[in-house]
Amino acid sequence: VTQRHRRSLVKVPSRARVTIRYSRYPPAPGKRKGFVMEGRRKLLIAVLLIAFFFAFQICASASDSDAIYYESFEEPFDGRWIVSQKDEYQGVWKHSKSEGHDDYGLLVSEKARKYAIVKELDHVVNLKDGTVVLQFEVRLQDGLECGGAYLKYLRPQEAGWLAKEFDNDSPYSIMFGPDKCGSTNKVHFILKHKNPNSGEYVEHHLKYPPSVPSDKLSHVYTAILRPDNEVSILIDGEEKKKANFLSAEDFEPPLVPAKTIPDPNDKKPEDWDERDKIPDPDAVKPDDWDEDAPMEIEDEEAVKPEGWLDDEPEEIDDPDASKPEDWDDEEDGEWEPPKIDNPKCEAAPGCGEWKRPTKRNPAYKGKWHAPLIDNPNYKGIWKPQEIPNPDYFELEKPDFEPIAAIGIEIWTMQDGILFDNILIAGDEKVAESYRLTTWKPKFEAEKEKQKAEEAAAGQSDGLSGFKKKVFDLLYKIVDIPLLEAYKPKIIDLIEKGEQQPDITIGVIVSVVLIILTVFFRLLFGGKKAAVNTETNRVPPAEPSDNQGTSVENEDEDEKEEDAAAAPPRRRSTRREN
């Protein structure tokens, strides 16, 4: 080997240090050629190794750059996350392991408390360029009956703001995560957007958000903000909701205001008639219509049953009862023995005075009403005229405020809420890789443990089999927008069925009946007449051929009122003690 090739060490990155040593003395002339070729081959291998590891480091650093912020809580949060010092936040945060795991998280440790903690980011996160993924894990170790488990992504605060002063009024850009209490059961996604005309920040809520999983397992919540104005909400990696920021169908109120609004100064004219039907002024009550006839009359054909004991009371004094020794007539009054059923009446058809039963009066017609006819003066349901909206603006993309800090500000009645693996990333695949490596193994272990516990409790796999699939399906169905008005009641039924396996079948039937009722109403409930926005008139209804002498619905109401006033049929009841 020539003098210039003599090296003792070729340095490469520390992950793969390759040492190539050469002989200090040149070989014999006959061996020099082969030795040089061998040295060149080793040099080539060394250069390729160096190139490979440099490329690996570049890829690794590029991947790490997509994780804009990541918090695993493997180390104590003290000094990095700042607990609010406001008086109202008395809840104690703890650095604690997730039950059954060696994985640490941020724990809500006490019931019925307000909690607030914040982490200021080293660099502000811009939401306007490219894809941004917001992701975190939550485990409701003791369930969640009433409380929040969401994150607030704070925008830059005013000058002089201190993290220790973080509270509910600290302005945020996005609020995202589970919330459940009473009729509320949703995974919030709220965007605070600035109106460019008024300068006012408005909260825009995602319509029909997904429901919160009702078990005690670890779940990962993901919000993907894409540059095409779309946002996707994922639970455990499965897309539950997809929406467009600029669509009025997806956010309430919409980010882009309506072009026109009802004129607040427009008043309904005094002669505007909104009645589509009116009583026929020419109708006359028939002569044979008796409004005073009772709904029920005595049955004249009824005959007193044989063996009826007219002189026997239904109840008699208990012959075995005796006056208590401590009874004081002056303080307690005159003592009377308690009553018992007359044993003679048990064998007889009845006791006491016999009265004829009542029956429906064939002459009963109730109160007379004139039949309804089309109103010739009907103008439709009045609405104010539309005027241009002074707050209207056009928008091609949402004007997202950047994220300067991540805060958790909640009020909850449950403890055991564990936050973990908070991630902000610039790539959906990065978020997916974190789900697979940090959340998935825990979730699978928790599911297996849950199955074992259910089997040990003799539930024959409980909800883990067919019933579990049915409930999962019901949770998906209840997220349909058409069922929004019934969502709290349906979810309450589903949760009762999960907690009480004995009533599962009844709960499933009840939920299915509610859903079918809603769909039948939509199919056969009819449609309202459309309002003409230019003339404020509703097209008049087709004339009715019904020229009856009474109004059926009102007549039924009168019948119900008369029934309430009429004497009930006599029953041979026993007097209460």
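1. Helices (H or I, at least four residues) and strands (E, at least two) are DSSP runs, numbered from the N terminus. Keep that in mind for Phe73, which sits in the loop between strand S1 (67-71) and strand S2 (82-83). The model you are looking at is predicted, so local features need pLDDT of at least 70, side-chain atom pairs count only at pLDDT 80 or more, and totals for chains, interfaces and linings use all residues. Residues are numbered from 1 along each chain as its sequence is written, and side-chain values use heavy atoms, with hydrogens and water left out.

2. Let us stay with Phe73 for a moment. Its phi is near 60°, a positive value in a residue other than glycine. Is Phe73 buried or exposed? Its relative accessible area is 0%, so Phe73 is buried (buried means under 20% relative accessible area, exposed over 50%, partly exposed in between, with a 1.4 Å probe and protein chains only).

3. Next, the aromatic pairs. Rings of Phe, Tyr and Trp (its six-membered ring) pair if their centres lie within 6.5 Å; planes under 30 degrees apart count as stacked, over 60 as edge-to-face and the rest as tilted. By this rule the model has 12 aromatic pairs. In one of them, Phe73 and Trp81, the ring centres are 5.5 Å apart and the planes stand at 40°, so the pair is tilted. Trp81 has a relative accessible area of 2%, so Trp81 is buried.

4. Trp93 and Tyr115 make another pair, this one edge-to-face, with 5.2 Å from centre to centre and 70° between the planes. Trp93 lies in strand S3 (residues 93-97) and Tyr115 in strand S5 (residues 113-125), so the pair ties together parts that are 22 residues apart in sequence.

5. Phe136, Phe176, Phe189, Tyr221, Phe245, Phe251 and Phe400 form one aromatic cluster.

6. Now look for charges over rings. A charge sits over a ring if NZ of Lys or CZ of Arg is within 6 Å of the ring centre and within 35 degrees of the ring normal. Arg155 lies over the face of Tyr201, 3.7 Å from the ring centre. Lys192 does this with Tyr172, at 4.9 Å from the ring centre.

7. Helix H4 (residues 428-456) deserves a look of its own. H4 has 29 residues and reaches 40 Å from its first C-alpha to its last, close to the 42 Å expected at 1.5 Å a residue (the expected span is 1.5 Å times one less than the number of residues). Where does H4 bend? The bend, about 45°, is at Trp439, and a proline, Pro441, follows within four residues (the bend at a residue is the angle between axes fitted to the seven residues ending there and the seven starting there). Trp439 is one of the buried residues of H4, which also include Val430, Ala431 and Phe443.

8. At the start of H4, a side-chain oxygen of Asp427 reaches to within 2.8 Å of the backbone nitrogen of Lys429. This is a polar contact (a pair of N or O atoms within 3.5 Å; within protein, one must be able to donate a hydrogen and the other to accept it, and residues adjacent in sequence count only if both atoms are side-chain atoms).

9. Gln414, in the loop between strand S24 (403-412) and strand S25 (417-425), has a polar side-chain atom 3.0 Å from the backbone nitrogen of Glu145. Gln414 counts as buried, at 12% relative accessibility, and among the residues it touches are Val108, Lys111 and Asp142 (contact means heavy atoms within 4.5 Å). Asn361, in the loop between strand S21 (358-360) and strand S22 (372-374), reaches the backbone nitrogen of Ala363 at 3.0 Å. Asn361 is buried, with a relative accessible area of 9%.

10. The peptide bond from Glu252 to Pro253 is cis, with omega near -10°, and Pro253 is in the loop between strand S15 (251-252) and strand S16 (260-262). Asn229 has a positive phi of about 75° although it is not a glycine.

Terms used: Lists of a residue's contacts leave out its neighbours within four places in sequence.
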